[in-house]
Amino acid sequence: MLLVLIYKYINPIFLSWFGRTYNLYFYTLLVLVGCLYIFGLYRRNVYINRNKLKQFILMNHLYETEKTYNGKKVITDSLELDWIDNKDCIVIRAYKTGDLLDDIVSEIGDRLQAFLKLKLIRTKDEAFLTDYVFEVVSDKRLFFFNSDEKKYINNTMIQLTEKIQYDVSKVSHGLTVGSTGSGKTMFINSKILAYAKMKADIFICDPKNADLSLLKYVEGFPQSHIGVSHAQICRILRLVNEEMERRYEQYFSNKLAFGKTFIDFDLSPVVIFFDEVTAFMKTADKKMSSEAKEYLYALIMKGRQVGCFAEISIQRPDAEFLDGAIRDQLGCRVALGKMSKDGYRMIFDTADFEYYDSDTIGSGYITITGQITEPTYFETPFFSDDFDFIEELEVYYAGNIFESEE
Ligand SMILES: Nc1ncnc2c1ncn2[C@@H]1O[C@H](COP(=O)(O)OP(=O)(O)OP(=O)(O)O)[C@@H](O)[C@H]1O
Ligand SMILES: [Mg+2]
């Protein structure tokens, strides 16, 4: 506005005084003001956010003062905070500088949460700093209810929440850990449905003969695909291993197969859902358990390329079973309900991580190899009361793609 007024009324006067060169000065000034304006807009948010952090520090007395000779109080030291805007979260970084304020750095999470009115989703404590991560675009839980719409998917994606999904051809095998009642079975059921929708062949190993073996009531689901006794479980593991080897031999034994996966050969996934693996390993006789272990490890180590997967669920993390090499091959790792710090460490291999207990049923933390590298809070798909899992599965199950000795 001011520039328009200058242009209209003052410019003619200056032009008559200084001649044409004035025009050059005027337009240079115009460009400069424009650039300053754009820069100001860009810095405005930074300024506002820094001001917010300053307010937070002042409100909570996160600084030290000293009296000067004339009795005036001056701030001599203060907590150092940084505001980092990420795609779907805000990180408030608190620096440790080796002074008395360092003790406070790892304790301000709850207060920051109340101050910013954002949900604190994780805290990462490192030697020189602590990161508080706040959710900005909140994720939404999926709801399964009885609808008429049933359709197969023509890819290998598993959708877990509105934001979290992964491709089993890239991130294969899963681990679900949670104490009794934490929602493991419900979560596993949602995965069974996801695999059924991609026309996978599904096998069940349920040594407790509990929830998973209820799949025997699914019409069309081969009974031979459900293992309850030790011998049945061992047989299923052997069968899937044989299928894995057969696929390697038939499709991947020449150089044309380089870099290809089962998708390139139009092969359907084959998946074993194995509940309480550790209980099985400990109760089966030695020969059988070592045979089963061998099959399971082979499947986990080399099943991905040919589309043979393992989905394992256990009540308690077990150091022996989750030894580094195996754990790292389990691409989608989930801890449901409340767990000890050691438990989380065994599953996610991340120390110095603050987990928040949630009372939401079926909630927990997840990592997905190469995609969600730090444990992230999530809620499993919710099964509404009118949703009949068995009935739904009956509609989709089209498995039994390879002959098993029926
Ligand atoms: N995603 C969910 N949707 C709806 N209800 C859920 C969900 N997760 C858990 N629940 C509720 O919590 C109960 C316990 O969940 P679930 O049976 O899955 O636990 P679990 O971890 O398998 O326990 P256990 O180890 O004893 O088998 C369910 O019966 C259900 O009422
Ligand atoms: Mg269960």
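**Close-up views of a predicted model**

**View 1. The annotated transmembrane stretch, residues 24–42.** The unreviewed UniProt entry annotates residues 24–42 as "transmembrane region". This is a predicted model, and in it the chain over residues 24–42 is 100% helix and 0% strand. From one end of that stretch to the other, the C-alpha atoms are 27 Å apart.

**View 2. The whole chain, for orientation.** Before zooming in further, here is the overall layout. The protein chain holds eleven helices and 19 strands. Its C-alpha trace spans about 100 × 60 × 50 Å along the principal axes. The radius of gyration comes out at 30 Å, whereas a compact globule of 406 residues would have one near 22 Å. Buried residues account for 30% of the 406 residues. Take the contacts between residues at least 6 apart in sequence: 67% of them join residues at least 24 apart.

**View 3. An open sheet of eight strands.** Reading across the sheet, the order is E12-E11-E13-E14-E10-E15-E17-E18, and the pairing is mixed. At the edges sit strand E12 (226–227) and strand E18 (372–379), each pairing on one side only. Look at the E12 end for a moment: strand E11 (residues 201–205) runs parallel to E12, with two bridges between them. There, Cys 205 stands opposite Gly 227 of E12.

**View 4. Strand E14 and its two partners.** How many of the seven residues of strand E14 (residues 308–314) are buried? Seven of the seven are, so the strand is largely enclosed by the rest of the structure. Cys 308, Ala 310, Ile 312 and Ile 314 point one way from E14, while Phe 309, Glu 311 and Ser 313 point the other way. Note that Glu 311 and Ser 313 are on the buried list along with the others.

**View 5. Phe 383 and its neighbours.** Is Phe 383 buried or exposed? Phe 383 counts as buried because it has 21 C-beta neighbours inside 10 Å, and the cut-off for buried is 20 or more. Setting aside neighbours within four places in sequence, Phe 383 is in contact with Phe 144, Met 186 and Phe 389. For a sense of how the chain comes back on itself, check Asn 146 too: Phe 383 and Asn 146 are 237 residues apart in sequence, yet their C-alpha atoms are 9.5 Å apart in space.

Definitions and conventions
Residues numbered from 1 in each chain as written. Chains lettered and ligands numbered in written order. Predicted model: local features only at pLDDT ≥ 70, side-chain atom pairs only at ≥ 80, totals over all residues. Helix = DSSP H or I, 4+ residues; strand = E, 2+ residues; numbered from the N terminus. Rg over C-alpha atoms; globule rule 2.2 N^0.38 Å. Buried ≥ 20, exposed ≤ 12 C-beta atoms within 10 Å, placed from the backbone. Contact = placed C-beta atoms within 7 Å. UniProt positions renumbered as here; feature names shortened; annotations may be inferred. Pairing = 2+ DSSP bridges.
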